[in-house]
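Work through the exercises below with the sequence and the 3D structure open. Try each task before reading its solution.

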Amino acid sequence: MIKKHVTMSDIAKELGCSTVTVSKALGDKEGVGEQLRQRIKQKANDMGYRFGYSSKDAAGALTHNIGVLVAKRFISDASAFYWVVYRYIVELLQKQSYYGIMEVIPEGDERGGVMPSSVTGKKVDGVIVLGQFADGYVEKMLASDIPVVLLDFYSSRSDVETVLSDNFFGAYTLTNYLIDKGHRRIGFVGTITATSSIQDRYMGYYKSLLEHGISLRDDWVIGDRDADGLSYRTLRLPDEMPTAFVCNCDRIAHQLITQLKGMGYRIPEDISVVGYDNHIYSTISTPRITTMDVNSHRMSSEAVEIMVKKIRDSSYRCGRILVTGKLVERDSVKDLTQEK
């Protein structure tokens, strides 16, 4: 029989204390009484705990903390998509006896390549990076020599473990759906240079138009955010309107619907709107928004699983993992084929 690898969680259960306490004791860190520290070390030795299992320090002890890095511009809204993803990550890490610590990176730190103290001070065993960061910042993070997993974006580096929603195919599916409903005058809302996710969604939209012989109109590609990545409060809409819009996310779809209704348009009777993410905005909107569910829970689960494997085996590699979403039909699209 293969002997089970002993973890800090196993030691903690035996002694009736927390995994964090065990980690501190084995790493000779502050916050643990000397008597308890010696008991923990003795128990670890008796159970066959493998010191040197991690390269964290001479004792081989892990911090059992995982940094979750996100740019400040992506969580300016309290109900932002990445707050939901962060909650999933924390819950999944807890099941692995790890703790997720969010680090919000200001724009100035990203531009200046300033790493958070949790990374520079080796206070985390690895980092899950959310949203979008410049290649230079990712490079500096990788140079810190701790495991890194990118979640919901990718860099130009092909050797970084990455978990992505299949944004290209998702937007392609949404646009095909609109075309199947009889729409041929279709716009796109999203600043295509802002993030890799938006750019991939735009490309999926564009591919669908090409395959159906529909010309792309530049005036129907609407930017939705400024240089700081913050959404515009008012979208600059064209004088001649399409019959439908593909929006890069549900938040913008909700914003667009509100703006269109304020202009006197009826949704979907006059203009149809689809979103992306299956986030809260898709259900609080009136009408409720047809969207693409990105399965953020599975994406979070994949990222956590990869991170734990990388911590346990520094040679572990899996490349990029694509998570396919599914179309969620609601009330924001008019079927123009029924008018014929």
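A charge sits over a ring if NZ of Lys or CZ of Arg is within 6 Å of the ring centre and within 35 degrees of the ring normal. The model is predicted: local features need pLDDT of at least 70, side-chain atom pairs count only at pLDDT 80 or more, and totals for chains, interfaces and linings use all residues. Residues are numbered from 1 along each chain as its sequence is written, and side-chain values use heavy atoms, with hydrogens and water left out.

**Exercise 1.** Find which ring lies under Arg201 and which under Arg217.

Solution. Start with Arg201: it lies over the face of Tyr276, 3.7 Å from the ring centre. Next take Arg217, whose charged end sits over the ring of Trp220 at 3.9 Å from its centre.

**Exercise 2.** Classify the ring pair of Phe74 and Tyr82, then that of Phe169 and Tyr172.

Solution. Step 1, the rule: rings of Phe, Tyr and Trp (its six-membered ring) pair if their centres lie within 6.5 Å; planes under 30 degrees apart count as stacked, over 60 as edge-to-face and the rest as tilted. This rule gives 10 aromatic pairs.

Step 1: Phe74 and Tyr82 are 5.7 Å apart, centre to centre, with 75 degrees between the planes, so the pair is edge-to-face. Buried means under 20% relative accessible area, exposed over 50%, and partly exposed in between (1.4 Å probe, protein chains only). Phe74 is buried because its relative accessibility is 13%, and Tyr82 is buried at 9%.

Step 2: Phe169 and Tyr172 have centres 6.0 Å apart and planes at 40 degrees, a tilted pair. Helices (H or I, at least four residues) and strands (E, at least two) are DSSP runs, numbered from the N terminus. Both residues belong to helix α8 (residues 167-180), where three residues apart means about one helical turn. Phe169 is partly exposed at 42% relative accessibility, whereas Tyr172 is buried at 15%.

**Exercise 3.** In what order do the four strands of the open sheet run, and which strands stand at its edges?

Solution. Two strands pair if DSSP finds at least two bridges between them. The order is β7-β6-β8-β9, with parallel pairing. β7 (221-222) and β9 (272-274) stand at the edges, because each has a single partner strand; one side of each is left without a neighbour in the sheet. Val189 has Ile222 of β7 as its bridge partner.
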